[in-house]
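Please keep the structure in view while reading.

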Amino acid sequence: MKHLPNPAARRTLTVLAVGTVAALALAGCSTGGSDTGSGAAAGDGSFDSVKAALEKGGEITYWSWTPSAEDQAAAFMKEYPNVKVNVVNAGTNNDEYTKLQNAIKAGSGAPDVVQIEYYAFPQFSLTDAFTDLSQYGFADFEDDYTASTWNSVTEGDAIYGLPQDSGPMALFYNKAVFDAAGIAVPTTWDEYYEAAKAIHAANPDAYITNDTGDAGFATSMIWQAGGKPFATDGTDVTIDLQDEGSKKWTENWNRLVEEDLIAPTSSWSDEWFRALGDGSIATLVIGAWMPGNLISGAPDGAGDWRVAPMPTYDGTPASAENGGGGQAVTKQSENPALAAGFLWWLNNSEDSISLFMESGGFPSTTAELSSDEFLADAPEYFGGQKINEVLAAAANDVVKGWNYLPYQVYGNSIFGDTVGQSYQNGTDLNEGLSTWQDALVEYGNDQGFTVNK
């Protein structure tokens, strides 16, 4: 999950076992959605059964890789002493997803509650792996979360999880570099392009940013541009990576790629952190979970960095989510009401959310995003700027209507072999998107989806 100060969380994903996604997806479409686990009674549409389960107690297993998981579980068990939570780190993102997919296929071995990034939710919800929490009254919690994160864990009236964190995008920039070059902070992408040329002209070893081809970044940028390249209806999938928003982003970003105005430095590498510290990479267009990573990974940049709204195409505020995720209750849970209670406490309790934020997480809850304490935070690293005022505003400016593929985990894993080649060769990103689209269509059809383009 991208909010974590863990470089491994951002490394390229590997491919899930061929055939698993489609087989489970097709099976999921024929499975009744009211089954909540082995012999467990379904909820009655209210939260009463969850309250009763928390009072009665029991034992559940929670898969998570977040640094706050153990502390959160301990705090929960202190509040609900009849419940035992076994926290298991089953690996970061795709390592965990592979284990979960194998457990789903085997029909056993899945945890009660599992951490899932937003881009992976569709894959598992389509395969009928998660319990629909609407039966426990979870629809009442919608207003507790930002619209974009709530959309990421729901499908129609079904609720497959609760959001934990969010990653609204903003412009992190090195004020010292901009001041030295006499450049104003860009508010549009045209201004950003001009700033890129000025920074590189002043110092050939300096770049406005880096990008070697990252699927999460590219899809977020297409999202911000208003693109809606992915649509799913059951096992019917539509892919259009040449839609208006996709082309708007490539027309903008092509200028930087083709004119060698972007550093060919891999994100999360030691070289990258050094460049962020010495100013040779002057900006990052990235999720709101980034501050802790800068503070810990690029200490030499202390006092120089600031945060501004993400540049837009016409000056109108617009952002997108970049990273983040939540948790879900699996269909294999023997006690889904109790698991739902833990999930609710994890992402709706002030005590739990505080622990998560202390570990570097950026909240998805509207109460935290609007709190005076949160908005007043002014880290010395950022020159005493109240950065959360900018980041919270970005959360409200996320463009609506985005959807991921039901096999986005696989899609991200082949991004480097398709669009990544355009970066490597300094050629048109549209060609790379077309190649990626062809590969996604072929894979989807091979997996049993009906894919249109």
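Which residues are buried in α17?

1. Basis of the note. This is a predicted model, in which local features need pLDDT of at least 70, side-chain atom pairs count only at pLDDT 80 or more, and totals for chains, interfaces and linings use all residues. Residues are numbered from 1 along each chain as its sequence is written, and side-chain values use heavy atoms, with hydrogens and water left out.

2. Helix α17. The buried residues in α17 are Ile387, Asn388, Val390, Leu391, Ala392, Ala394 and Ala395. Buried means under 20% relative accessible area, computed with a 1.4 Å probe on protein chains only. Because seven of the 10 residues of this helix (residues 387-396) are buried, α17 is largely enclosed by the rest of the structure. Helices (H or I, at least four residues) and strands (E, at least two) are DSSP runs, numbered from the N terminus.

3. Division into domains. Domain 1 covers 47-166 + 323-370, and domain 2 covers 169-320 + 388-451; these bounds come from an automatic or database domain assignment. To their contact, domain 1 gives 16 residues and domain 2 gives 17 residues, where contact means heavy atoms within 4.5 Å. The C-alpha centres of the two domains lie 28 Å apart.

4. Area between the domains. About 1400 Å² is buried between domain 1 and domain 2, and carbon and sulfur atoms give 66% of this area. Buried area is the accessible area (1.4 Å probe) that two parts lose on being put together, summed over both. Tyr119, Leu126 and Phe362 supply 40% of the area that domain 1 buries against domain 2, more than any other three residues.

5. Polar links between the domains. One residue pair, with both residues at pLDDT 80 or more, is in polar contact between domain 1 and domain 2. A polar contact is a pair of N or O atoms within 3.5 Å; within protein, one must be able to donate a hydrogen and the other to accept it, and residues adjacent in sequence count only if both atoms are side-chain atoms.

6. Residue Gln327. Gln327 is in strand β14 (residues 325-329) and is buried, with a relative accessible area of 0%. The side chain of Gln327 makes polar contacts with the side chains of Tyr62 (3.2 Å) and Gln164 (3.3 Å).

How values were computed
Buried < 20%, exposed > 50% of the residue type's maximum accessible area, 1.4 Å probe, protein only.
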